[in-house]
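Here is a short report on one protein chain. Please keep the sequence and the structure open while reading.

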Amino acid sequence: MSKQTLGEWLQAKPFALGMSSGFFGFFAHTGMLVALEAEGLRPTRLSGSSAGALVAGFYAAGLAASEIKRELIKVRRADFWDPAPGLGLLRGELFRKKLDELLPVQRFEECRVPVSLSVFDLGSRTTSVVESGDLASAMQASCALPVLFHPVRREGRLLSDGGIADRPGLLGMHSQERVFYHHLGSRSPWRRAGSASLKIPKREHMMSLQMQDLPRANPFRLHRGVEAMRMAEDLTRRALGRSLGSDCVVCV
């Protein structure tokens, strides 16, 4: 008897989608989601941190994966580049303006499917999971990478990148939830080799997808993000046909 493929596992029952942080990895997350959407595989709930929070927020708010792809292809550095003195290079006002332009709804409660976004509370130095209230400010906060962006003040709290202490972006998932997790590898200079935060987490009822050697994008190499998005779309299609192993991880 042949083993179940990843695509068959996703089709069998409803699943939630978790997406990790990973600098400009929102391109790769979008490519993955485009491939799922093309196969009619739609998550019933989402969670994420940083790059994962950006894509999770857009999709939950009502944007199709193909629409997110179209908008990312158009992004230029001038769309978010607003240097200003502060706790980071960029003020983040242009980024917030772009979020407000693209989001079809303003609040978590208006989203078509539930979404949980991880943010790092600088006051308590702990991760908080945001699931209600203003959506754009939570997405902006989860993406506020230290050094690059100023922290974001939301509901009286100063917040920063959700990937600081919840790199997988899975803290918002329920313990018994059936989860498909997209893991982006990291080469961050501030994370030591072998750090637990770089490993694919293990939990019950979860299947994980990890892609190898995607192009690395940054504010000065956004074209590489578009390349990564297209590669991720193709690799996800291949992964859907792969048989599942005992470690519950598909690597492509």
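## Overall fold

This is a predicted model. The chain has 7 helices and 9 strands. Its C-alpha atoms fill a box of roughly 60 × 40 × 35 Å along the principal axes. A compact globule of 252 residues would have a radius of gyration near 18 Å; the chain has 17 Å, which agrees. Of the 252 residues, 56% count as buried. Contacts across the sequence are also on record here: among those with a separation of 6 or more, 74% are between residues 24 or more positions apart.

## Aromatic rings

How many aromatic pairs does the count come to? The count is 8 aromatic pairs. In one of them, the ring centres of phenylalanine 15 and phenylalanine 180 are 6.5 Å apart. Their planes stand at 85°, so this pair is edge-to-face. Phenylalanine 15 lies in the loop between helix H1 (6-12) and strand E1 (16-19), and phenylalanine 180 lies in strand E7 (residues 179-183). The pair therefore ties together parts that are 165 residues apart in sequence. Both phenylalanine 15 and phenylalanine 180 are buried.

Phenylalanine 23 and phenylalanine 24 also form an edge-to-face pair. Here the distance is 4.9 Å centre to centre, with 70° between the planes. The two residues can be set side by side on accessibility. Phenylalanine 23 is partly exposed, at 38% relative accessible area. Phenylalanine 24 has 11% and counts as buried; the cut-off for buried is under 20%.

Ring pairs go on to link a cluster: Phe23, Phe24, Phe26, Phe27, Phe80, Trp81 and Phe220. Trp81 of this cluster has a charge over its ring as well: the charged end of arginine 77 sits 5.2 Å from the ring centre.

## Helix H7

Helix H7 covers residues 222-240. How does its span fit its 19 residues? At 1.5 Å a residue, H7 should span 27 Å. Its end C-alpha atoms are 27 Å apart, which agrees.

H7 has a set of buried residues: Leu222, Gly225, Val226, Ala228, Met229, Ala232, Glu233, Leu235, Thr236, Ala239 and Leu240. Glutamate 233 is among them.

## Cysteines

The count of disulfides is 0. Two cysteines show why. The sulfur of cysteine 111 is 15 Å from the closest cysteine sulfur, in cysteine 143, so it is too far for a bond. The sulfur of cysteine 251 is 12 Å from the closest cysteine sulfur, in cysteine 248, and that is again too far for a bond. A disulfide needs the two sulfur atoms within 2.5 Å. On accessibility, cysteine 111 counts as buried at 12%, whereas cysteine 251 counts as partly exposed at 37%.

## Single residues

Two residues other than glycine have a positive phi. Phenylalanine 23 has phi near 50° and is found in the loop between E1 and H2. Histidine 205 has phi near 65° and is found in the loop between E7 and E8. Histidine 205 is partly exposed, with a relative accessible area of 38%.

Is serine 208 buried or exposed? Serine 208 is buried, with a relative accessible area of 2%. Its place is in strand E8. Leaving aside neighbours within four places in sequence, serine 208 is in contact with Tyr181, Ile200, Cys248, Val249 and Val250.

The table collects accessibility for residues named above.

| Residue | Relative accessibility | Class |
|---|---|---|
| Phenylalanine 23 | 38% | partly exposed |
| Phenylalanine 24 | 11% | buried |
| Cysteine 111 | 12% | buried |
| Histidine 205 | 38% | partly exposed |
| Serine 208 | 2% | buried |
| Cysteine 251 | 37% | partly exposed |

Terms used: Residues are numbered from 1 along each chain as its sequence is written. This is a predicted model: local features need pLDDT of at least 70, side-chain atom pairs count only at pLDDT 80 or more; totals for chains, interfaces and linings use all residues. Side-chain values use heavy atoms; hydrogens and water are left out. Rings of Phe, Tyr and Trp (its six-membered ring) pair if their centres lie within 6.5 Å; planes under 30 degrees apart count as stacked, over 60 as edge-to-face and the rest as tilted. Helices (H or I, at least four residues) and strands (E, at least two) are DSSP runs, numbered from the N terminus. Buried means under 20% relative accessible area, exposed over 50%, partly exposed in between (1.4 Å probe, protein chains only). A charge sits over a ring if NZ of Lys or CZ of Arg is within 6 Å of the ring centre and within 35 degrees of the ring normal. The expected span of a helix is 1.5 Å times one less than its number of residues. Contact means heavy atoms within 4.5 Å. The radius of gyration is taken over C-alpha atoms; the globule rule is 2.2 Å times the number of residues to the power 0.38.
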